[in-house]
Amino acid sequence: MTRPETDRTKPGPGAAAPAGAGSAAGAPGTAPYRDARLDNAKFLLIVLVVVGHAIEPLRDIPAVSALYYWIYFFHMPAFIVISGYLSRSFDGSSNRVEKLVLTVAVPYLIFWTIHQSIYTVERGGLGDSLSLLKPTWTLWFLVALFLWRLSVPVWKRLRAPVLIAFAISLFAATTSLSDTLSLGRVVSFLPFFVLGLSLRREHFLWLDRLWLRLASLVVLGTTAVLAVPISDRLSSDWLFWRDSLTDRDIDPLMPSLGIRLAFMGLALAMTVAFLALTPKRRTWFTDLGAYTLYVFLGHSVVFILLKASPWYDVMDNLTGAAITVGVGLAVALLLCTPWVRAAMRWAVEPQMSWFLKREEPTPAPAASPAPAADGGGQGDGNREKPVAGV
């Protein structure tokens with residue numbers, strides 16, 4: 001879930017530039033544009049997130065369970081790949097860190113407080129733990145995104161970042177990790193973030209190939225069929241990438257590592273298939289892809305309240321599940337509307353610069369001595385030229 005963006009980015013592969021756009025990047029008078037494919041994908045994925053959370057209490061219904069498994073096979077890995085791709089510009093500078101704190105850490109604190117307040121009222125008292133280091137429900141993703149982005153400069157310096165992240169994820173799964181900072185998920189999903197970080201614009205050109213799109217239909221159709229027996233025979237714990245392999249009732253090495261590898265491969269294949277089938281041109285929901293953080297944070301409050309109500313006791317049948325899916329879709333769309341965003345802006349995009357201390361201005365460098373009269377110096381020709389784009 002990336003934060004709402006107001007600046008337009010350059011058109012991605014396959015994205016149509018408006019008529020009259022200049023051909024030179026950064027030319028005066030031209031505005032950069034967003035990649036329509038990525039915005040479309042972000043909106044579709046956040047809808048899957050909402051639907052998955054909406055039907056979670058109804059998994060006793062076989063059809064609902066199969067749909068739930070199919071969504072969870074890939075929706076978070078796909079979101080994380082996109083988040084990694086959109087984090088490529090993070091360089092660890094003070095401005096980037098400040099933006100990260102204000103758009104990820106502060107909303108985490110606000111919604112953690114909201115979640116805990118609801119839980120306290122529901123329980124009739126405080127829980128066993130009120131640690132800010134233990135994310136409530138969906139907020140694990142903000143913690144993970146915060147930590148992943150802080151590590152971006154490190155991954156940029158490595159020669160084989162995806163391979164290293166994969167090894168860390170796989171072998172760390174054999175160690176029992178606590179739920180503090182959701183470290184289990186942070187490490188388990190790490191390869192998908194680093195993969196997105198390693199992608200370049202030209203890689204998306206492959207998604208436009210006809211054979212890949214046809215294969216993508218087969219992949220998503222086949223996995224939808226496979227979700228039926230898998231949902232009946234395999235614990236949903238495998239879908240959450242949360243617990244250590246040592247916490248299972250089977251051997252942590254084999255077949256546990258094999259199952260983890262299978263889920264990683266499945267998530268990667270479905271992510272590619274999903275992106276290949278995502279429209280690359282503007283649609284009616286393209287602009288809504290900029291508001292996924294509003295949907296992500298807002299829907300968590302809605303469904304925490306809904307789970308505390310008699311709703312799921314009444315809707316505990318196939319018809320009720322269909323109605324609940326409709327409610328999820330409506331919630332996703334509602335949270336994108338301008339008036340709802342305006343009401344939530346204080347929590348999702350808080351203007352809390354006072355939260356950070358003011359940066360001290362950097363003193364100007366001392367002036368260089370004038371070149372010697374005998375011509376030993378070359379004047380401005382010896383000065384280092386500024387790097388283009390900085």
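Here are a few notes on packing, open space and ring pairs in this predicted model.

1. **Ground rules.** Since the model is predicted, local features need pLDDT of at least 70 and side-chain atom pairs count only at pLDDT 80 or more, while totals for chains, interfaces and linings use all residues. Numbering starts from 1 along each chain as its sequence is written, and side-chain values use heavy atoms, with hydrogens and water left out.

2. **Helix 3 against helix 15.** Have a look at residues 94–123 (helix 3) and 338–348 (helix 15): they pack at an angle of about 105 degrees, axes 9 Å apart. That makes the two roughly perpendicular (a label for angles of 65 to 115 degrees). Axes here are lines fitted to C-alpha atoms over the stretch in contact, with angles from 0 to 180 degrees between N-to-C directions. Helices are DSSP runs of H or I, at least four residues, numbered from the N terminus.

3. **Who touches whom.** On the helix 3 side you'll find Pro107, Ile110 and Phe111, meeting Met344, Trp346, Ala347 and Val348 of helix 15; contact means heavy atoms within 4.5 Å. The contact has seven nonpolar residues, no polar and no charged ones. Nonpolar covers Ala, Val, Leu, Ile, Met, Phe, Trp, Tyr, Cys and Pro, charged covers Asp, Glu, Lys and Arg, and the others, Gly among them, are polar.

4. **The second largest pocket.** This one holds about 580 Å³ of space. Its lining has 30 residues, with Trp137, Trp140, Arg185, Phe240 and Arg242 the closest to the centre. Helix 2 gives the most, five residues. By class, the lining splits into 16 nonpolar, seven polar and seven charged. On a 1 Å grid over the protein atoms alone, a pocket is an open set of points with protein on both sides within 12 Å along at least five of seven lines, and lining residues have an atom within 4 Å of a point. A volume is the space filled by probe spheres set on the points.

5. **Cavities.** Two cavities of 30 Å³ or more turn up, a cavity being a set of points where a 1.4 Å probe fits but cannot get out. The largest is about 50 Å³, and helix 7 supplies the largest share of its lining, three residues. Among the lining residues are Ser169, Gly184 and Arg260.

6. **Aromatic pairs.** The count is 19, using Phe, Tyr and Trp rings (six-membered ring for Trp) with centres within 6.5 Å. Trp148 and Phe193 are stacked, at 5.3 Å centre to centre and 25 degrees between planes (stacked means under 30 degrees). Trp148 sits in helix 4 and Phe193 in helix 8, so this pair ties together parts 45 residues apart in sequence.

Note on methods:
Parallel < 35°, antiparallel > 145°, perpendicular 65-115°, else oblique. Phe/Tyr/Trp six-rings, centres within 6.5 Å; stacked < 30°, edge-to-face > 60°.
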